[in-house]
Amino acid sequence: MESNNKTQLTKRDITRTYLRWWWTAEISNSFERMQSLAYAASMGPILEKLYGKGSQGLKDGLQRHLAFFNTQAIWGALIIGTTVAMEEQKASGEDIPDETITSFKSGLMGPLAGIGDSLDFGTIQTIFYSLAASFAVTGNFLGAFFIVAFSVIHFFVGLGFMHTGYQQGRKSIMDILQSGRINAMIQTASILGMFMMGALSANMVRLETPLEFNVSGSVINVQETLDGIVPGLLPLAAVLLVYWALKKDKFTLSQLMVIITIVCLVGAFFGIF
Amino acid sequence: MESNNKTQLTKRDITRTYLRWWWTAEISNSFERMQSLAYAASMGPILEKLYGKGSQGLKDGLQRHLAFFNTQAIWGALIIGTTVAMEEQKASGEDIPDETITSFKSGLMGPLAGIGDSLDFGTIQTIFYSLAASFAVTGNFLGAFFIVAFSVIHFFVGLGFMHTGYQQGRKSIMDILQSGRINAMIQTASILGMFMMGALSANMVRLETPLEFNVSGSVINVQETLDGIVPGLLPLAAVLLVYWALKKDKFTLSQLMVIITIVCLVGAFFGIF
Amino acid sequence: MESNNKTQLTKRDITRTYLRWWWTAEISNSFERMQSLAYAASMGPILEKLYGKGSQGLKDGLQRHLAFFNTQAIWGALIIGTTVAMEEQKASGEDIPDETITSFKSGLMGPLAGIGDSLDFGTIQTIFYSLAASFAVTGNFLGAFFIVAFSVIHFFVGLGFMHTGYQQGRKSIMDILQSGRINAMIQTASILGMFMMGALSANMVRLETPLEFNVSGSVINVQETLDGIVPGLLPLAAVLLVYWALKKDKFTLSQLMVIITIVCLVGAFFGIF
Amino acid sequence: MQSVLLMAIVSGLWYWFSAGLAGYTLFSMLKSPTFIGFCLGLLWGDPITGIMAGGSIEVVYLGLVAPGGNIPSDKALAALIAVPLVLMSDMSVELAVSVAVPVGAIGVLINNLRRYFNAIFVHRADELAVEGDVKGIWRNATWYPLALGFVMRFPIVFVANYFGADLINQLLTIIPEWVLHGMSVMGGLLPALGFATTIFMIGKREYIPLFFIGYFLVEYSGLTTIGAAIFGLMIALIISYMGGFPRLRGEIAAESSREEVSPKTARRTNQDAIDEMMGRK
Amino acid sequence: MQSVLLMAIVSGLWYWFSAGLAGYTLFSMLKSPTFIGFCLGLLWGDPITGIMAGGSIEVVYLGLVAPGGNIPSDKALAALIAVPLVLMSDMSVELAVSVAVPVGAIGVLINNLRRYFNAIFVHRADELAVEGDVKGIWRNATWYPLALGFVMRFPIVFVANYFGADLINQLLTIIPEWVLHGMSVMGGLLPALGFATTIFMIGKREYIPLFFIGYFLVEYSGLTTIGAAIFGLMIALIISYMGGFPRLRGEIAAESSREEVSPKTARRTNQDAIDEMMGRK
Amino acid sequence: MQSVLLMAIVSGLWYWFSAGLAGYTLFSMLKSPTFIGFCLGLLWGDPITGIMAGGSIEVVYLGLVAPGGNIPSDKALAALIAVPLVLMSDMSVELAVSVAVPVGAIGVLINNLRRYFNAIFVHRADELAVEGDVKGIWRNATWYPLALGFVMRFPIVFVANYFGADLINQLLTIIPEWVLHGMSVMGGLLPALGFATTIFMIGKREYIPLFFIGYFLVEYSGLTTIGAAIFGLMIALIISYMGGFPRLRGEIAAESSREEVSPKTARRTNQDAIDEMMGRK
Ligand SMILES: OC[C@H]1O[C@H](O)[C@@H](O)[C@@H](O)[C@@H]1O
Ligand SMILES: OC[C@H]1O[C@H](O)[C@@H](O)[C@@H](O)[C@@H]1O
Ligand SMILES: OC[C@H]1O[C@H](O)[C@@H](O)[C@@H](O)[C@@H]1O
């Protein structure tokens, strides 16, 4: 099935797409659609090149990539790299339906967010920054160096992911999609991502209650009682509650943010938290 | 396959069956067949209503439910609820063989015993009773309240399980039996139950030896030596030995009880335990 | 498929093969092929008996069993026992290709090495020898007894494995090979063996660095920094490096031994280790 | 109206009924020392002292499970002897507990006796089932065992409470030390019988490794039961989502579905083994 | 040339730009207190004091992750207020930190506001996409949000640095204690929102047990994140090598391969659910 | 009859024979310091002192494993030098051990040398196999390597025991500190070679995660080897009961069953890789 490829993307195109993504990823982050605007903006010039200025393909493509998206942007470069390859093949006549592209994105963004947040920020960045701080407090300029070093390395890791994603996608996206290897990849990433979400939640979410009940003489410290049952019940309950609210279509993210703000203030006012 | 249902069971019938089960479950517990008499006695009136007084169906049914049975009665309400539905369908002409009912009961009684013992008694009741005791020792009547509260809640949980079991059984027992969903259920329950039997054994079975050997000057404390190898060897050995005796058809439960009594007394007499 | 069995092996033949294996297993151990010479030497007389003195079958057999082999010799008796049965059947006309025998050996030697090293030497021998030492230091002769006891028991365990291997092989090697049970066995043994290689590496491989960096006032202790990230990084790195060198065909075992010797001496000289 | 006789009668009846185990969630309440302390305290006009004594006894028995009907020690018996001692003779709670706990061991023996005798009723029920006698079965499942229990339970508590602590102490000095110790060892071992029965009922070899993981996880890490339950549940779900144990898929299907297997074979797999355990052919 | 005005302007601009989040690995650097301390120190001619102050603030915020864009507290804001205080007014680092940390909480609110308003730009992009206006989309993705940020960010830091610590202290005494406490509680809770969003995006019920195992492994064993990552990765590999979750094999295949499923169905499985979460039909 | 000469000869022979590794369960006994101490003690007429010295040395080497034939340190050599020192010169056990342990490191080198030279015999056996010379192969597998060992082992122990501690001390002071330290570092590293060889022999990528789980479980929890073995076995059983790793089902079947695969392919999968490791084409 040789393709009637009109436009060939160069290495530079890929690198520039990465630079756009790297630059915009978080600027326009909104509760409504998070990084979707950044994704579309980064893909724009590529789509223009592939489908032609003003073409219907370009318009469809831009709308396609405005769908909800959120991930950790460095690992996410794997996704954007692969979708560039998909668009290239689609533009060249391959029959790749919109749904394939969209579900590829939404299948990987969650796991890669989990992995990236825990590995890059929770682990590696923490190590770099701890080293940095331990130098800095003694007035040693190496402190600043470690901060810069992490940024630079992290930048190039992302660039590498971008090209890997594109190459893989170019070579074998059709094969991959059909063979089930993509499925194994998504499953592995999802398992790791989900596990790390648990580990990171345990480390980062904080919620305690100072409540004490005084029942005819005996003082019951609620937090101690809860800890006696299972440690970390309140933070866990918080994560599960938010998850449940999202799952059951009860609330949108923006509403949840308002609710959390109110709950925290009211809770603090009444001494519940 | 519309059924020639003669008798329709009402919600009240189910609740009354639960009440019978709740009342009798442990009264007639014997080493020989444990809760089988309670099971048959609880099913009696339902069978009479379904098959008719003095009918062969009733006689068969009573004998069927006198087979060995043992479980934790609250979670066991799931089983009895489902078998009520099975009997109802059998009575209405569905071709449900005796073996299906019996193996359903014997497939779930073990896992649910494990889950019920560890969750209800090992965990939740312990929490309630600890709270109760902590109030009671200060002379606070709330202590008594927690005891009563647990009983009442536990009662209604069982009632809920009973109706759930019946409803599920009514709706879809044929589907379930054929689709393999029942199999997944039994496997999940068995894994959890078996795991908890391990955890609970470690927490509850107690066996230590005060033996010391004095070999030309050096004193060897047997218990310390065993603990140095693997902690908890003796209690584990006890559980495994009893299991092995049951498995190999060496002894019946009543014989094992006598043996344990003798072993403990003799062991205590000779200072082995 | 009745066989035209010419020679029948007796129990004594098996026991004598075990004695040969037990005696030679480690004597000729070389970096190049480890226990392969011992394996061939132990099989020699059996092959002579089965195929006839000076026969081509004998010559092929000797060469076959000079292929690389290494395992823990007691558990390895299971392998040698089974291959004796295989040779017997091959000699009697069954169509068992060389590859089957060779891959059976190389499939099981790794896992059984892992299991034998960790269980027999890492665990059971350690228990016996600890007991022995605790007696010995008080001048109690029981110390020597425990050492001898372990050797004797260990000897007979190997003998048992030998006969088990032979019996199993005789009865059902063709079945086993085809049914996939051998595969399940190898998988189980490999999982356990690999897990234990990890556990034993953590317990036995030792590598630390005394390096400290003094960067404008702040002293960085490299070992503490590494431990702060993940405990046991250096020993793990050593195992993985050697594994990688073997895997990538970079170096042979003898070369690696030289390299390790040099690295250790040079490292000690420069104060890196 | 502090009547020793009334106290002795109520305690005796209480022991009889609670140990008769009528009402699955009722007897768990009736056997609680806290609850006993409160009620007997009310009866004696001093519920505060009662509940305090009860609570102290409760603490000794926290976390008990009676797997397979094997109680490791009879906390109701202990409470029904210790609480009246405290209420009626001003004995300190500590002393009362130390007197009552060994007595509790006797309750374990009584319970075992009861479960021997209960075999009578199930045999009678076997016969009544053939005749379809629903009412008769009910009587054998409830009233007869309860009646039998009265003979075995009421006297000991009544006597102990009516004639008081001295008698108990004399009794205990008669029993040799090793017997008491042996009975407390038995209390530690009895749960093993129940757990082994449950393991046997679950039955398939595929599940056995889970038992060991649960056991040694708790032994090595000191995890509480609820902590273990969390990990156990998650492991169970993961294994099950992964497809479970393939060999058991066929097997359980065969046991529970009718078309695929002959009734005879299906019947043999589990129930028969269990029947043999219980000693009937 | 130690100019307070210059310091106030540079700090204000710095806050505006770094919190605008341009350059994914750039802003992580710009928001680091260590780096801020070093640069502002250079500006003031005392980089050593600057980096020491910055390092001390860094320590307070080590290990922070901003899952789903929800920052638990704004360390850049804290640093941009505390470091100048130390440089310009000889305040001790400890005191400066204790002044700055509560101010950092205000940064969280500003960030949330920004993410409300950013919805405007994505709606405009929806329209521009229909016209194929690549440049317009780019402007909405970069310049407009950055410009909006200026209004929300620059003033607070500029004012704080120009008018100094007194003003801040007055401001903080006006805000009731419970509001400050509530905002710090919110800092602890915000990551929950991000984690829940990610869990929701991963989405399949088969993965949920892994979340609990990760959570309680860390709670019970105190494992670090990197330790957890090792075990997590190995568990993921083992499960995947064993064939993963069979139900998901079909499902994901259906989502990503075109022949086997109708576009409509495929589309519904994940993206639609997510769209609903975000509040668009 | 306390003869220093006899002691030196017996010790030298003992070292030669035990380090020759004849009799797989025999040499483990002969290399035990406890056993050596007892026997040399008997020879010297003071078995009690002998076994006490031996036991003290044993403790230093408890838990040693020699994976892949790589001994991390030569406890027999250490014992055969330290025990006579204690017996013959009334040196304290502590001092004797501290003298002997570094000497033990030399034994590691000798063992490695032996394994280089042993390659000669396997090459000769390759040739003899072609001729079907069973006896010749046996000689190359036993007597020749043993004979070779005599040259390398007997002298060092004989000299050390005959000329005594002073000589050893002088020798040790000649060797630079870093050489001794380097040799002890090597003792810690050598097991890595053996473990890596075994991992390589097990070989499939599916098993690798189990290695890491075993490693970090022990690192983080401090579990003993036997504790790890329990969990390892249970995990192995569960995975295997669940059906194992599907990719390997086919692969191993292909390796061990003849019909499904061409001999050439089957042969390549494992044995060839191993041959390459060993340096033969
Ligand atoms: O072990 C299951 C079950 O066995 C018996 O029936 C009783 O001891 C119950 O309390 C227990 O739950
Ligand atoms: O959680 C995934 C992802 O969400 C947002 O986009 C940002 O907070 C990132 O820092 C984070 O990595
Ligand atoms: O590691 C497997 C095996 O390797 C060598 O043959 C020897 O060191 C044995 O002691 C060991 O058991």
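# Ligand sites and helix packing in a predicted model

No contact joins chain C and chain D; their closest C-alpha atoms lie 13 Å apart. The model is predicted. Chains B and E are also without contact, with 13 Å between their closest C-alpha atoms. Ligand 1 lies between chains B and D. Ligand 3 lies between chains C and F. Residues from chains A and E surround ligand 2, so that site is shared between chains.

**Ligand 1, chains B and D**

- The shell around ligand 1 holds 14 residues.
- Chain B supplies Glu26(B) and Asp117(B) to the nearest group. Chain D supplies Ala66(D), Gly68(D) and Gly69(D) to that group.
- Asp117(B) has a side-chain N or O atom 2.4 Å from an oxygen atom of ligand 1.
- For Glu26(B), a polar side-chain atom lies 2.7 Å from a ligand 1 oxygen.
- Asn70(B) places a side-chain N or O atom 2.8 Å from an oxygen atom of ligand 1.
- On its own, ligand 1 has 310 Å² of accessible area, and the protein covers 95% of this.
- By class, the shell around ligand 1 has 5 nonpolar, 7 polar and 2 charged residues.

**Ligand 2, chains A and E**

- Ligand 2 is surrounded by 14 residues.
- The closest are Glu26(A) and Asp117(A) from chain A, with Ala66(E), Gly68(E) and Gly69(E) from chain E.
- On the chain E side, a backbone N or O atom of Ala66(E) sits 2.4 Å from a ligand 2 oxygen.
- On the chain A side, Glu26(A) has a polar side-chain atom 2.7 Å from an oxygen atom of ligand 2.
- Asn70(A), also in chain A, has a polar side-chain atom 2.9 Å from a ligand 2 oxygen.
- Ligand 2 exposes 300 Å² when taken alone, and the protein buries 96% of that.
- The shell around ligand 2 divides into 5 nonpolar, 7 polar and 2 charged residues.

**Ligand 3, chains C and F**

- Around ligand 3 there are 14 residues.
- Glu26(C), Asp117(C), Ala66(F), Gly68(F) and Gly69(F) are the closest.
- From chain C, a side-chain N or O atom of Asp117(C) lies 2.4 Å from an oxygen atom of ligand 3.
- From chain F, Gly69(F) brings a backbone N or O atom to 2.5 Å from a ligand 3 oxygen.
- Tyr24(F) has a side-chain N or O atom 3.2 Å from an oxygen atom of ligand 3.
- The protein buries 96% of the 300 Å² that ligand 3 exposes when taken alone.
- Helix 5 of chain C, residues 98-136, gives the most to the shell around ligand 3, with 3 residues.
- In the ligand 3 shell, 5 residues are nonpolar, 7 polar and 2 charged.

**Helix 4 against helix 5 in chain F**

- Helix 4 (residues 47-60) and helix 5 (residues 75-89) of chain F have axes that come within 9 Å. The axes cross at roughly 145°.
- Their crossing is right-handed.
- Helix 4 of chain F contributes Thr49(F), Gly50(F), Ala53(F), Gly54(F), Ile57(F) and Glu58(F) to the contact.
- Helix 5 of chain F answers with Lys75(F), Ala79(F), Ala82(F), Val83(F), Val86(F) and Leu87(F).
- The residues of this contact are 7 nonpolar, 3 polar and 2 charged.

**Helix 3 against helix 5 in chain D**

- Helix 3 (residues 33-44) and helix 5 (residues 75-89) of chain D pack at about 35°. Their axes are 9 Å apart.
- Left-handed or right-handed? Helix 3 of chain D passes helix 5 of chain D in a right-handed crossing.
- On helix 3 of chain D, the contact is made by Pro33(D), Ile36(D), Gly37(D), Leu40(D), Gly41(D) and Trp44(D).
- On helix 5 of chain D, the contact residues are Lys75(D), Ala76(D), Ala79(D), Leu80(D), Val83(D), Pro84(D), Leu87(D) and Met88(D).
- This contact divides into 11 nonpolar residues, 2 polar and 1 charged.

Notes: Residues are numbered from 1 along each chain as its sequence is written. Chains are lettered from A and ligands numbered from 1 in the order in which they are written. This is a predicted model: local features need pLDDT of at least 70, side-chain atom pairs count only at pLDDT 80 or more; totals for chains, interfaces and linings use all residues. Side-chain values use heavy atoms; hydrogens and water are left out. A residue is near a molecule or strand if one of its heavy atoms lies within 4 Å of it. A polar contact is a pair of N or O atoms within 3.5 Å; within protein, one must be able to donate a hydrogen and the other to accept it, and residues adjacent in sequence count only if both atoms are side-chain atoms. Accessible areas come from the Shrake-Rupley method with a 1.4 Å probe; for residues, only the protein chains shown count as cover. Helices (H or I, at least four residues) and strands (E, at least two) are DSSP runs, numbered from the N terminus. Ala, Val, Leu, Ile, Met, Phe, Trp, Tyr, Cys and Pro count as nonpolar, Asp, Glu, Lys and Arg as charged, and the others, Gly among them, as polar. Axes are lines fitted to C-alpha atoms, for helices over the stretch in contact, and angles run from 0 to 180 degrees between N-to-C directions. A crossing is left-handed if the near helix is turned anticlockwise from the far one by less than a right angle, and right-handed if clockwise. Contact means heavy atoms within 4.5 Å.
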